[in-house]
Amino acid sequence: MECGGPLAAACPNCGVSNPAAAKFCGECATPLSAAAGAGAAAPLAGTLPGRSQRVGATAERRLVTVLFADLVGFTSVAQDLDPEDTREFLTRYFDLTRTIVERYGGTVEKFIGDAVMAVWGAPMAHEDDAERAVRAALEIVHGVPGMSEKVGIDVRAGVLTGEAAVTVGATGQGMVAGDLVNTASRLQSVAPPGTVLAGEATYRATSGAISFEAAGEQLLKGKEAPVPAWRAIAVVGLRRGSARAVLEPPFTGRDDELRLLKDLFHVTEREQKPRLVSVMGEGGIGKSRLVWELEKYIDGVVGDFYWHVGRSPSYGNGISYWALAEMVRGRAGIAETDEPQVARQI
């Protein structure tokens, strides 16, 4: 059976059906001449007219950390400001938050009014994503109030870690979705001005590097049960193995590597000569767990051994001797936030 009307042209980029005479896609402005010349006059199979499909995007479940930050009472403050001053402040605020988030390896997913949503763990995952998010949140709530002389305002933030649906390669749509996002937004809304509230999974993953105080169970809008929360106070150190506070699964698949590390340890002890071992691989394959198993083994060996931990992060400023500085601070009991005069007394 033939139709009496002209055939529609399907966009080769987004799949939206367009009138046969159209030269450009009405959805994404892609030229349609190539599609017409290739005989792509009919809509893509399964594509409804007027509905966009994102080509090349894949959806999957991932462990991510979501940060929500929001200006406290900005609506009432803005009504007394000149529109130009409001625009200038918001521009500087968005630029600052984006810079901080990207410095710690995160991605700003969206700006919603005067709120910022950022995510760690997508599209790229790191072993310390939760810690990066909390560090970024602390820097945002401490940095924004002093950003402008004309506008004095506080920021509050919520950080939550968990599983979410992640769309990788998406264009024009949200990258992270799920209850985690809504809960993180609600957690931010109950945080006192100038503070960062973290969920239980975030707290467990970062408690070795961030100092917290219990904030009790929070009643969040739309949640049937109260949500436990912790207030992030300050960065006290960097320990990639801090996630081991969570119940450990069985150690499997790395017996040969662990045996090699043990042998090198004993050879170093016996010969009194240093050894350098590099453990390299993609995030999440078990590097930190391997080192943690070695640390537990050494802890049970008879003798006196000093275990120093330092890390060279790929973000931030002044990190040339960061690993060495962390080892010295850890050995001397100096917190990262201690002033020079306090460190000298220690």
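Predicted model: local features only at pLDDT ≥ 70, side-chain atom pairs only at ≥ 80, totals over all residues.
Starting with the big picture, the protein chain has 346 residues, and 36% of them count as buried. Its secondary structure comes to ten helices and ten strands.

Zooming in, Arg62 sits in strand β3, which runs over residues 58–71. Arg62 and Gly121 are 59 residues apart along the chain, yet their C-alpha atoms are separated by 7.5 Å. There is a polar link between these two as well: a polar atom of the Arg62 side chain lies 3.2 Å from the backbone oxygen of Gly121. The Arg62 side chain also pairs up with the side chain of Glu60, through a polar contact of 2.5 Å. Leaving aside residues up to four places away in sequence, Arg62 touches Gly121, Ala122, Pro123 and Met124, and also Gly162, Glu163, Ala164, Val166 and Val168.

Next comes Thr161, which belongs to strand β6 (residues 155–168). Is Thr161 buried or exposed? With a relative accessible area of 15%, Thr161 falls under the 20% cut-off, so it counts as buried.

On to the helices. In general, two packed helices are described by the distance between their axes and the angle between them. For helix α3 (residues 83–103) and helix α4 (residues 129–143), the axes come within 9 Å and cross at roughly 155 degrees. That angle is over 145 degrees, which means α3 runs roughly antiparallel to α4. As for handedness, the crossing of α3 and α4 is right-handed.

Which residues meet where α3 and α4 come together? On the α3 side they are Leu96, Thr97, Ile100, Val101 and Arg103, and on the α4 side Ala136, Glu139, Ile140 and Gly143. Sorted by class, this contact has five nonpolar, two polar and two charged residues.

Key. Residues numbered from 1 in each chain as written. Heavy atoms only, no water. Helix = DSSP H or I, 4+ residues; strand = E, 2+ residues; numbered from the N terminus. Buried < 20%, exposed > 50% of the residue type's maximum accessible area, 1.4 Å probe, protein only. Axes fitted to C-alpha atoms, helices over the stretch in contact; angles between N-to-C directions. Parallel < 35°, antiparallel > 145°, perpendicular 65-115°, else oblique. Left-handed = near helix turned anticlockwise from the far one by under 90°. Contact = heavy atoms within 4.5 Å. Nonpolar A, V, L, I, M, F, W, Y, C, P; charged D, E, K, R; others polar. Polar contact = N/O pair within 3.5 Å; in protein donor to acceptor, adjacent residues only side chain to side chain.
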